[in-house]
Protein chains: 2
Amino acid sequence: MTDIRAILRARLDAAVGGEQVLSDPAAVEPYVSDWRGRYHGRALAVVRPGSTEQVAAVVRVCADLGVPMVPQGGNTGQCGGATPDDRGNAIVVSLARMNRVRAVDTANATLTVEAGMPLAMVQQAAAAEGLMFPLSLAAEGSCSIGGNLSTNAGGHAVLRFGNTRDLVLGIEVVLADGRIWDGLRGLRKDNTGYDLKQLFIGAEGTLGIVTAAVLKLYPAPRTRGTALAALPDVAAAIRLLSELRQTLGDRVTGFELMSAYSLALSRKHHPTLPDPCPGHPWYALLQVDDSAIDSPVPQQLERALNAALESGVVHDATIAQSGEQARALWALRENIAEAQRRDGPNIKHDISLPVSVIARFLDEAREALEAALPGVRFVTFGHLGDGNLHYNLAAPEGVSPDAFLAHTVLANRIVHDLVAAHGGSISAEHGIGQQKRDELVRYKSAVELDLMRTVKAALDPSGICNPGKIFRAGS
Amino acid sequence: MTDIRAILRARLDAAVGGEQVLSDPAAVEPYVSDWRGRYHGRALAVVRPGSTEQVAAVVRVCADLGVPMVPQGGNTGQCGGATPDDRGNAIVVSLARMNRVRAVDTANATLTVEAGMPLAMVQQAAAAEGLMFPLSLAAEGSCSIGGNLSTNAGGHAVLRFGNTRDLVLGIEVVLADGRIWDGLRGLRKDNTGYDLKQLFIGAEGTLGIVTAAVLKLYPAPRTRGTALAALPDVAAAIRLLSELRQTLGDRVTGFELMSAYSLALSRKHHPTLPDPCPGHPWYALLQVDDSAIDSPVPQQLERALNAALESGVVHDATIAQSGEQARALWALRENIAEAQRRDGPNIKHDISLPVSVIARFLDEAREALEAALPGVRFVTFGHLGDGNLHYNLAAPEGVSPDAFLAHTVLANRIVHDLVAAHGGSISAEHGIGQQKRDELVRYKSAVELDLMRTVKAALDPSGICNPGKIFRAGS
């Protein structure tokens, strides 16, 4: 063991320089636990390559010696996908030093960046050109664009702009054998054979290491409207969304559903936040954007909301009169997760469903869960337009959150069985990682699992790319 | 040979019923030549399954007996991808009988259809629900949605709605061993493992047979503006596009560039068409759409064009004052290809480039081609916003088109070398088929070709799925 460690160390030092190979336990520690402290692993070393060629050199070392490697960006994943397991035979490959803009092409509306660049820096680089990179999510200050690609991250702007997959024109990947695939094309149309980038996007590093990407940029929004609508039920929210999309088209860029309990929780822990339309069971946070300066879109939103009030779809509404008011409305939504954390752990589900069955699903799930877990409280919120709900369960009044967590398996079974029965997904935007690999086996068809394993075996035959993620190791 | 033919015939009869297995030469003929008469092959039989189970049964027969199979939809491909080769050892699997709508979900804005349904019928099924399926292309009356998926078809609406790949949420595929993969999910977010559908979309039937798909629908456009702008050069067209997208966002749904020679050709063969802004070198056909009924978008288009006239970006413009005028402007664009055909064959290129290099590419290509082929005429038109040009070369005045075609290899080399040098694609929207498989080998990197072959070998290890397409057989 000492021999292989020494050989590995020497070869990694040669690949990236000794100062970029961390093996001191204190230095390694931040890389072998996830940010929420739910996953802890061990690693032979943490390697910090500074270029694609250095990543390739590291991968060749791993391929030669049969050492598993765990790629890591900002270490903000939700499912343990960037945390090594506890066998201690792997290295972590941190992309953090690869954080440069490689090219800006404003006329083509593309930006070529390295994988380790934080998402917020990508957004800033686009804004500096008067354009916008629309991917936006809570961790944007620290997550990396390579991690966003590898998990096909979702976020707040999917309704209008799609998931990360839809925002990528080309990628560069270091393959499992250390070869570099340069697929950094900036083309909106290219039908020359298989679209290989699609394989690596969302693969959570199990097929290779994404090192750079060509991203699509959009005109920056220059007129914005923000509102909060109070709704009698989820069916009304779906109807409101449909009406807004008919009249405002793709200028509807945000439609966030929130249960009254979610909002109350947000305000409980952030008492300075407003309480604009009290006393209703459901709320929707709405945003409209237009790239034109003098767009009538805020007035159109107001008219659409008035029509919805008259027809009874909406029971109350408030429109932000300033950027400050708009930010306060968004803070209500964005602080739900933080409020949950302060209130004690929840049993969380990141699910999606066809929009048409969401209302039925919520009724059925509530009934089943209240029967199984009397007094359970529902922290339901999410991106309704994408069919994506964060369907989280809080302990009944007076029950300790930790005791409640003992029901996780039961709650998962009820929720995920219903999601599957309605043609939904048990992981809408967070991926599989370590957390959901057994659920994956339960809910995917044998044919689909076999296809996935066939792809994995073809692209990573020796199984060194992020083993134990998506698939249980050896499965 | 007779034995295997008899065994094959008996088993295919058992799979789909004898009346759906065609082997009479006259019955087979329409299936073994492409619609333009450029590719002619032979087949042991044409099989017309009526269900996914029947497709699976046919594929199991082929897998057992090692018989290659060529899937075919509307037989409207541009590159010979649905035509068998002349070895005569394959069967054609026609999806034409699988043309049903399986499900409509208006609240989820999805439509589930079988692969053999003609695109125009898909559009009509969406319209019947008050929604729109945006894929639109010249062959829409006869091409099938399965062929659109398998070639990742482009068309007129890519600027706003993306390629076919972007319009598909789920698919059903019969794999190379005859198993059925049911991936018919109607979800806008789903990060449960590899996104396998991406493999089969655009694979031209070389990895399996797509039998059904869940398609995304959109609000139908209810206000429309159409205009023709005359431009001094391509750089001005790119600037106009950028300005329109800034002020009108994604309501710009069409931006078709046309050279003066393209328009003159269209009018030469369709003399009743209008000649709205004569005397300029370049033209752009513009369309804006809004899903709102009383949208100001036509007036916004007029204002934007007036501003562009004042700033000198546009030299003349006309705005359609009626649906009839709008159709006449579109007819100018849509009749270019037909006019080319009547004028005699061209040397055609379906290329894409980063928008930022199109003007430079056109200058360099013109210079190189005029030096190599004095008097060559340029039939340049295409989807500028996607960076996609149909860059076609017509014979010099007085030179017979057939004699000019002898220069095809030379012209391809000049055009495709320049496209590759500028980071472009040699097949933007038509695919590879038989036509461009050698060009693919010339321009793709060794790593990318190897990755593609790895995928092919993993999913179709015995090589029975549409052999000789994308890859030359045995390569």
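The side chain of Glu439(B) makes a polar contact with the side chain of Arg413(B) at 3.0 Å, a polar contact being a pair of N or O atoms within 3.5 Å, where within protein one must be able to donate a hydrogen and the other to accept it, and residues adjacent in sequence count only if both atoms are side-chain atoms. The model is predicted, with local features requiring pLDDT of at least 70 and side-chain atom pairs counting only at pLDDT 80 or more, while totals for chains, interfaces and linings use all residues. Residues are numbered from 1 along each chain as its sequence is written, chains are lettered from A and ligands numbered from 1 in the order in which they are written, and side-chain values use heavy atoms, with hydrogens and water left out.

A polar contact of 2.6 Å also links the side chains of Glu439(B) and His416(B). Glu439(B) is placed in helix 16 of chain B, residues 437-443; helices (H or I, at least four residues) and strands (E, at least two) are DSSP runs, numbered from the N terminus. Because its relative accessibility is 10%, Glu439(B) counts as buried, a class defined as under 20% relative accessible area, with exposed over 50% and partly exposed in between (1.4 Å probe, protein chains only). When residues up to four places away in sequence are not counted, Glu439(B) touches Asn412(B), Arg413(B), His416(B) and Ile426(B), contact meaning heavy atoms within 4.5 Å.

Two loop residues of chain B were also examined. Ser33(B) lies in the loop between helix 2 (25-28) and strand 2 (45-47) and is buried, with a relative accessible area of 10%. The side chains of Ser33(B) and His40(B) are joined by a polar contact of 2.8 Å. Beyond four places in sequence, the contacts of Ser33(B) are Tyr39(B), His40(B), Asn75(B) and Thr83(B). Val313(B) is found in the loop between helix 10 (297-310) and strand 15 (316-319), and its relative accessibility of 4% is why Val313(B) counts as buried. Its contacts beyond four places in sequence include Leu231(B), Pro232(B), Leu240(B) and Ala308(B).

In chain A, 9 of the 9 residues of strand 10 (residues 208-216) are buried, so this strand is largely enclosed by the rest of the structure. Strand 10 pairs in the antiparallel sense with strand 6 (residues 110-114) over 5 bridges, pairing being assigned if DSSP finds at least two bridges between two strands. Within this pairing, Thr112(A) has Val214(A) as its bridge partner. Strand 8 (residues 168-175) of chain A likewise pairs with strand 10 in the antiparallel sense, over 7 bridges, and Leu175(A) is the bridge partner of Gly208(A).

The contact between the chains takes 84 residues from chain B and 84 residues from chain A. The area buried between them is about 6,300 Å², of which carbon and sulfur atoms give 53%; buried area is the accessible area (1.4 Å probe) that two parts lose on being put together, summed over both. In chain B, Lys189(B), Asn191(B) and Tyr194(B) lose the most area to chain A, together 16% of what that side buries. Across the interface there are 14 salt bridges, each a side-chain nitrogen of Lys or Arg within 4 Å of a carboxyl oxygen of Asp or Glu. Asp386(A) and Lys189(B) meet in a salt bridge of 3.4 Å, N to O.
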